[in-house]
Amino acid sequence: MRKYSREDIQRLAKEENVKFIRLQFTDILGTIKNVEIPISQLEKALDNKMMFDGSSIEGFVRIEESDMLLYPDLNTWVVFPWTAEKGKVARLICDIYTPEGKPFEGDPRNNLRRVLDEMKELGFTNFNLGPEPEFFLFKLDEQGEPTLELNDKGGYFDLAPTDLGENCRRDIVLELEEMGFEIEASHHEVAPGQHEIDFKYADALTACDQIQTFKLVVKTIARKHGLHATFMPKPLFGVNGSGMHCNLSLFKNGENTFYDTKGDLELSDTARQFIAGILKHAPNFTAVTNPTVNSYKRLVPGYEAPCYVAWSARNRSPLIRIPASRGLSTRVEVRSVDPAANPYLAMAVLLKAGLDGIKNKLTPPAPVDRNIYVMNKEERIAEGIEDLPATLAQALDQLKQDEVIVSGLGEHILEHFVEAKEIEWDMFRTQVHPWEREQYMSMY
């Protein structure tokens with residue numbers, strides 16, 4: 001990631017003919033928000049003096065304490081390449097501060113920083129994340145609204161003309177590269193209309209910023225192709241849902257602490273303890289990593305999404321897989337996370353879970369190298385394999401009981417997150433769905 005000074009930004013804004021700047025941040029539910037300012041207000045923004053109404057943002061503050069300050073992170077400066085027609089638009093990601101100049105405890109980005117500080121107290125210098133976000137492309141109707149008509153009928157790694165999303169994907173990649181992303185691969189995914197673009201790992205905070213930027217670019221460029229991009233975990237019944245596999249590693253002074261040439265599978269004790277922590281807390285952090293009612297339509301057997309708490313170096317059915325690469329690339333792949341998750345909150349709870357395993361020197365169970373999907377319940381119980389929560393309501397109940405995961409969110413975020421999600425569940429629970437009418441209208 002490039003480092004920018006105040007003077008760099010002033011110079012680049014002038015050189016690039018920037019006319020507007022989006023001061024961007026993320027609410028508790030993971031939705032990108034922004035305050036757009038004209039270039040004339042850049043100095044004020046760089047002085048951390050731009051205010052906004054925090055009471056209007058999901059889960060921030062009450063109306064009687066609404067003023068919040070935006071502190072731009074200068075290293076997140078980027079110019080959106082597609083905005084050149086009447087002067088360009090640039091972006092700065094911001095941290096949220098109170099009027100007293102203190103980090104706001106309800107800001108997901110600040111919260112991740114807090115957990116990263118705990119990691120550093122244990123002697124680690126970096127928590128790296130390599131995300132693999134998947135998405136679907138649907139056609140737009142004449143009014144520009146998304147339909148349920150997919151843009152293609154392709155499958156895993158298919159090419160044009162079967163993969164009609166190829167040109168859209170290429171344009172997304174070109175825009176991302178122009179914005180400084182290092183793209184490693186882009187391909188059609190398993191389901192028709194489903195796609196994946198992978199970019200190089202980075203430290204967790206930067207990678208979360210990149211995930212949010214990635215979503216914005218994908219949606220923007222898709223619309224230019226007459227398509228709607230959705231990161232909804234399971235938009236269609238009967239096909240694979242979209243995940244966001246998270247490749248995690250802990251570094252200490254440039255060395256990957258998960259790698260040990262003498263360890264079984266060349267994994268260190270630190271890696272095994274981290275795995276044990278993730279497995280221990282997995283059912284309890286699932287409400288954060290899979291935060292919508294729809295998330296649990298993806299976490300079912302038969303569609304490659306993990307719904308059982310286990311790990312393996314060979315098998316893709318467990319929650320955790322250990323990819324074959326070793327050395328600096330040694331990593332733990334958590335496969336349950338979906339792209340509806342707020343990445344800052346998801347990384348905070350995953351890191352807390354892993355660090356708990358390290359602090360308490362937990363030992364993971366034996367790896368499961370069988371296909372868990374073909375095992376019956378008795379076999380899973382015999383192997384000690386626990387199920388992930390089956391609904392958002394169940395996941396929220398388990399979240400509230402786990403002190404480690406609760407502390408990874410902090411009191412403010414936990415309270416507002418749970419409140420919003422319980423409302424979401426209640427709205428879903430009390431709604432009458434088309435399936436019910438199809439099943440029961442004639443029967444009863």
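I started at Asn-48, which sits in the loop between α2 (42-46) and β3 (50-53). This is a predicted model, so I keep that in mind throughout. The phi of Asn-48 is near 60°, a positive value in a residue that is not glycine.

Next I turned to Leu-265. I found Leu-265 in the loop between β14 (255-256) and α6 (269-289). Leu-265 has a positive phi too, near 60°, and is likewise a residue other than glycine. Its relative accessibility is 27%, so I noted Leu-265 as partly exposed.

Then came Asp-27, in the loop between β1 (18-26) and β2 (32-38). What is the nearest side chain of opposite charge to Asp-27? I found Lys-33, 4.3 Å away. Asp-27 is buried and has no salt bridge, because a salt bridge needs a side-chain nitrogen within 4 Å of a carboxyl oxygen. I then looked for backbone partners. The side chain of Asp-27 reaches the backbone nitrogen of Leu-29 at 3.0 Å, and that of Thr-31 at 2.9 Å.

Last, I went to the surface. Which residues gather there in a patch of negative charge? I wrote down Glu-105, Glu-411, Glu-415 and Glu-419. I followed up one of them: Glu-105 is in the loop between β6 (88-97) and α3 (108-121).

Notes. Residues numbered from 1 in each chain as written. Predicted model: local features only at pLDDT ≥ 70, side-chain atom pairs only at ≥ 80, totals over all residues. Heavy atoms only, no water. Patch = residues over 30% accessible without salt bridge, like charges linked within 9 Å, V, L, I, M, F, W, Y side chains within 5 Å. Areas by Shrake-Rupley, 256 points an atom, 1.4 Å probe, with all protein chains shown as cover. Lys, Arg positive; Asp, Glu negative; His and termini not counted. Charge placed at Lys NZ, Arg CZ, Asp CG, Glu CD. Helix = DSSP H or I, 4+ residues; strand = E, 2+ residues; numbered from the N terminus. Buried < 20%, exposed > 50% of the residue type's maximum accessible area, 1.4 Å probe, protein only. Polar contact = N/O pair within 3.5 Å; in protein donor to acceptor, adjacent residues only side chain to side chain.
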